[in-house]
Amino acid sequence: MRKLHRSLSVAWALSFFLFSPVFGQTKIQRTPQNIDSEGHQWWQHAVFYEIYPRSFADSNNDGVGDLNGIASKLDYLKDLGVDAIWITPCYPSPQVDFGYDVSDYENIDPMYGTLKDFDQLSSQAKKRGIRIIMDFVMNHTSDQHKWFLDSRSSKTSAYRNWYVWRDGKAENQPPNNWVALFGGPAWKLDPKTGQYYYHYFYPEQPDLNWRNPAIKNAMFDVTRWWYKRGVAGFRLDAVDTLYEDPKLHDNPVLGGKNRYGDPNEENKYNLKLPEIHNVLRDLRKVADENGAVLVGETWTSDLAELERYYGAHNDEIQLPMDFLFGYVNKLSPLEFRKQIAAAESVHGWPVYVISNHDIVRSYVRYGDGAHNDAIAKLMAGLYLTLRGTPILYYGEEIGMENNNPVRVEDVKDPIGKLGWPQDKGRDGERTPMQWNNSANAGFSTAKPWLPVPQSYQTHNVATETKDPNSVLQFYRHLLALRHTSRALLDGNYIPLNENDPNVLSYLRQYKDETVLVVLNMSGVEQKVSFDLTQQGLSNAKTATLLTILSTHPDQPALTGITLEPFAVYIAKVSGASKTNN
Ligand code: GLC
C-alpha cells in the first residue's frame, strides 16, 4: 500500500474567504423549467455525484449499503455542494455484476430497501434541491429476468425474439467468433432449445435484441415509469453495445491474446453500430417530455465518435461521459491540455470524470506516494474548474484510495477472479465510504462486503471535517466557489502558457468576470507569469480566491507567481482594461 504523508502545511482555508465579497452578488436566477435567465440548463451548473449503493452507507448493518443509508447522508452531500446523485443500479438483481444484471427494472432490490424507501429518499433529496439520476442498463438484463426466463423456455416463446438467439455454426460451435468483454465466447449454448444466446458481458447478462421494436417500447416505458416517480434522468449503461450485425459476420482477429486469454479482435460487428443513434434520439424525446437529462457511458476513441453521441442537432445524449481524463494516468499538463482542448472542440457541453466504479481511483492513479493529498486537491482544482459538468465519484472528496484484494479467494468481482493476477477486478475502487475512524470506517457495524483500506483512519469524513487543510475541506470550498462564480460555471476556457511542461494554467471568462486557474503539476516549486494582453486584458491584477499556497498565498500580480509543489492557485483577475471579448 502507498504511504501517505501530509507534507504541505497549507493556508488556503484563510485565503478562501477572499472569494465571498468577490462573487457574493452573483445571483443565478432559475425559471421553473430549470433553465436560468441566460438559457443554461440546470445540469450545466450541477455537480453530479456517483453513489455505488452497496458501498455508501449501511443503515441496517448487514454489511451492504442501502437507500436509507443514502438518505441519512443527504445533508453531507448538500453541504459538500452536490446537486444530483447518480445511483448505480439498485434494482432487483442476482448481483452477478453487482446490479448491472437487472431482473426487474421497476423495483428496488430488497438488500437496498423498498420502493417506499426510494420515494422517501427522493422526497428528502428534493427538499434539499438534490436530483436523482438512475442507472439504465439498456443492453442486457439478468438471465433471471422474467423476459429471459420466458425467452429461453421455448423457441416459440412470445419473448424469444427479445434476446439474440442463433443456431451454432456447427456441432458445438458458436454462431461466430465474437468474444465477451468479460471473458470467453460471447455465445452461450442453452441446452433446452439447442440454440445459443448472445451476451457481450457475463453469460448471466443476455443481450436484449434492440432490433425488435417491442424492446424499445418496453424499455422506454421503464424510463417513463421512473420519471413519474420523480427521477431527473438516467445514466445510460454501455450504450455502444446495443446493436449487433444481423448477419453475424466474424470480427477481424488482431493477433495475440487479451488478459483473459481470448483472441484479440476488433469489435467491428458488435460495437458502436450506427443504429444506436436512432434509439438515443427517441430516448431523448422521452427525456425531453419529462424535462430529464441523459448521461451516457460512452467510451469513445475519437472526437467524431464523441460528437455523434451529442447528436447532429444536440438531440441525443446531453452529457456523454467521454472518459478523456480516464486515459491520462500521469500529472501531465501536456496530456490534460490536449484532452481539454478535445472536449472543448465538440459542439456539446463537456463532462469531466476522473474516476468511477470501473476505473482505479484518481488518488492512486495520480498520487506519487508522498504528496497524495496535495495531488488530490490539485486534481479537484482541475476537473471542478473546467467548463463542463463534473461527475464526482463517492470518496474522491476525502482522498479514498483503491483497496485491491491481495488474495484471489477474496475477490468479489468475477473479472478479477478470471483475470487474476493480471487483472484484479474492480473491487479496489468500490470499497465502503469512509465516514469516521471507528471500525469499518463507520460504514456498518457488520463486516462490510468489501474491506476498507487502513488509510480510513486518517481519510474519513469526520476527521477531515475537523481539519481545515484536508482534501474534503478543499472540495467543499472549491465547490462553494464554483457554485457562485459565473466565470467558473459558464465562462469560456482560455488556455494560457501552453508550452509550460509543469504548470497547467487557464482563464475562465464570462462577460466581465475572469478567473485564473493555475495548477502546478510538478513536485518542485515553479514561478509563472502571464501576459493577458492577447486575451483582451491588460494591467490586470489578481485577487486570490482559493489556493493551497502556504508561503505565498497572496499573489497580487500576474508576474512571478510562486507555486509550491502541486499547488493550486485560483484568482479573480480584475482591474483590467478589457480590450476585446
Ligand atoms: C458498465 C458498468 C460496469 C458493468 C458493465 C456491464 O460498463 O459501468 O460496471 O460491469 O456496464 O453492465
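**Spaces and their linings**

Author: Around the largest cavity, the lining residues fall into six nonpolar, two polar and one charged. Please keep in mind as you look that this is a predicted model. How can empty space be found at all? Rolling a probe the size of a water molecule over the atoms shows where empty space is left.

Let's stay with the cavity for a moment. The structure has one cavity of 30 Å³ or more, and the volume of the largest cavity is about 60 Å³. Its lining is made by Ile-354, Ser-362, Tyr-363, Ala-376, Met-379, Glu-396, Gly-399, Met-400 and Tyr-475.

Now for the pockets. The largest pocket holds about 1,200 Å³ of space. Its lining consists of 39 residues, and those nearest the pocket's centre are Leu-181, Phe-182, Arg-259, Tyr-260 and Trp-299. Sorted by class, the lining of the largest pocket has 16 nonpolar, ten polar and 13 charged residues. The element that gives the most to this lining is strand E9 (residues 263–265), with three residues.

What sits in the largest pocket? It is the ligand. There are 13 residues around the ligand, and Asp-97, Asp-237, Glu-297, His-357 and Asp-358 come nearest. The shell around the ligand is made up of three nonpolar, three polar and seven charged residues.

Asp-97 has a polar side-chain atom 2.5 Å from an oxygen atom of the ligand. In the side chain of His-357, an N or O atom lies 2.8 Å from a ligand oxygen. For His-140, a polar side-chain atom is found 3.0 Å from an oxygen atom of the ligand. As for cover, the ligand on its own has 310 Å² of accessible area, and the protein covers 96% of that.

Helix H6 (115–127) and strand E3 (131–137) each supply at least two residues of its lining, and the largest share, four residues, comes from H6. By class, the second largest pocket is lined by seven nonpolar, seven polar and two charged residues.

Before you go, here are two backbone details to look for. Most residues other than glycine have a negative phi, and most peptide bonds are trans. Asn-172 is not a glycine, yet its phi is positive, at about 60°. You can find Asn-172 in the loop that runs between strand E4 (165–166) and strand E5 (187–190). The peptide bond from Trp-420 to Pro-421 is cis, and its omega is near -5°. To locate Pro-421, look in the loop between helix H14 (414–419) and helix H15 (461–466).

Note on methods: Residues numbered from 1 in each chain as written. Predicted model: local features only at pLDDT ≥ 70, side-chain atom pairs only at ≥ 80, totals over all residues. Heavy atoms only, no water. 1 Å grid on protein atoms, 1.4 Å probe; cavity = no way out; pocket = protein on both sides within 12 Å on 5 of 7 lines; lining within 4 Å. Points joined across faces, edges and corners; volume = space filled by probe spheres on them. Nonpolar A, V, L, I, M, F, W, Y, C, P; charged D, E, K, R; others polar. Near = heavy atom within 4 Å. Polar contact = N/O pair within 3.5 Å; in protein donor to acceptor, adjacent residues only side chain to side chain. Areas by Shrake-Rupley, 256 points an atom, 1.4 Å probe, with all protein chains shown as cover. Sits in = over half its atoms within 2 Å of the grid points.
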